[in-house]
Amino acid sequence: MNADVDSPWTDLVAIEPELARLHAEIEGTVDPGGRAFCAEALWHTEFKPKLMWLVGFRAQNHRLRNRMAYEVALERLYSALPPCRGCACCATYTPEEAA
Ligand SMILES: [Zn+2]
């Protein structure tokens, strides 16, 4: 059984193969260690701008210019990131040490 067959994500990748490349890039992201790691910050600076060219209202491909495509891709890609650790999203954050 392959639950991925005919999923909305599979459909998106069939239309825009660059999504699979971006997903692989995100999957390859590792928490580098140190004091903290913020998946949220990384998402907004690195990956969200790329995603916005692929799906949603700024998509290159007009077939992906819709909210559903954006939400499916967002969920799939964001869940591929390592979890936040010790960052602003987390209770352990200490602002004076963040710089
Ligand atoms: Zn975070």
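This is a predicted model: local features need pLDDT of at least 70, side-chain atom pairs count only at pLDDT 80 or more; totals for chains, interfaces and linings use all residues.

Reader: What secondary structure does the chain contain, and in what order do its elements run?

Author: The chain has four helices and zero strands. Read from the N terminus, the order of its elements is α-α-α-α.

Reader: Which element of the chain has the highest mean pLDDT?

Author: For the chain, the mean pLDDT is 88, with 85% of the residues at 70 or more. Among the elements, the lowest mean, 95, belongs to H3. The highest mean, 98, is that of H2.

Reader: At what angle do H1 and H4 pack, and how is their arrangement classed?

Author: The axes of helix H1, residues 8–15, and H4 are 10 Å apart, and the angle between them is about 105°. Angles of 65 to 115 degrees count as roughly perpendicular. The arrangement of H1 relative to H4 is therefore roughly perpendicular.

Reader: How many residues in the contact of H1 with H4 are charged?

Author: H1 contributes Pro8, Trp9 and Leu12 to the contact, while H4 contributes Ala69, Val72, Ala73 and Arg76. Six of the residues are nonpolar and none is polar. The number of charged residues is one.

Reader: Is H2 roughly parallel or roughly antiparallel to H4?

Author: H2 and H4 have axes 9 Å apart and pack at an angle of about 25°. Angles under 35 degrees are classed as roughly parallel. The relation of H2 to H4 is therefore roughly parallel.

Reader: How many residues in the contact of H2 with H4 are nonpolar?

Author: On the H2 side the contact is made by Leu19, Leu22, His23 and Ile26, and on the H4 side by Ala73, Arg76 and Leu77. One residue of this contact is polar and one is charged. The number of nonpolar residues is five.

Reader: Beyond its neighbours within four places in sequence, with which residues is Leu54 in contact?

Author: With neighbours within four places in sequence set aside, its contacts are Glu16, Glu18, Leu19, Leu22, Ala59, Leu64 and Ala73.

Reader: What percentage of the residues in the chain is buried?

Author: Burial requires 20 or more other C-beta atoms within 10 Å. The chain has 99 residues, and its buried share is 18%.

Reader: How is Leu42 classed by its C-beta neighbours?

Author: Leu42 is a residue of helix H3. Setting aside neighbours within four places in sequence, Leu42 is in contact with Thr29, Phe47 and Leu81. Because Leu42 has 18 C-beta neighbours inside 10 Å, its class is partly exposed.

Reader: Where in the chain does Arg63 lie, and how far is its C-alpha atom from that of Leu12?

Author: Arg63 is located in the loop between H3 and H4. Its 12 C-beta neighbours inside 10 Å explain why Arg63 counts as exposed. Arg63 is 51 residues from Leu12 in sequence, and their C-alpha distance is 9.3 Å.

Reader: Which residues does Cys89 contact, apart from its neighbours within four places in sequence?

Author: Cys89 is in the segment after H4. With 14 other C-beta atoms within 10 Å, Cys89 is partly exposed. Its contacts, with neighbours within four places in sequence left out, are Cys38, Glu40 and Cys84.

Technical notes:
Residues are numbered from 1 along each chain as its sequence is written. Two residues are in contact if their C-beta atoms, placed from the backbone, lie within 7 Å. Axes are lines fitted to C-alpha atoms, for helices over the stretch in contact, and angles run from 0 to 180 degrees between N-to-C directions. Helices (H or I, at least four residues) and strands (E, at least two) are DSSP runs, numbered from the N terminus. Angles under 35 degrees count as roughly parallel, over 145 as roughly antiparallel, 65 to 115 as roughly perpendicular and the rest as oblique. Ala, Val, Leu, Ile, Met, Phe, Trp, Tyr, Cys and Pro count as nonpolar, Asp, Glu, Lys and Arg as charged, and the others, Gly among them, as polar. pLDDT is the predictor's confidence in each residue, from 0 to 100.
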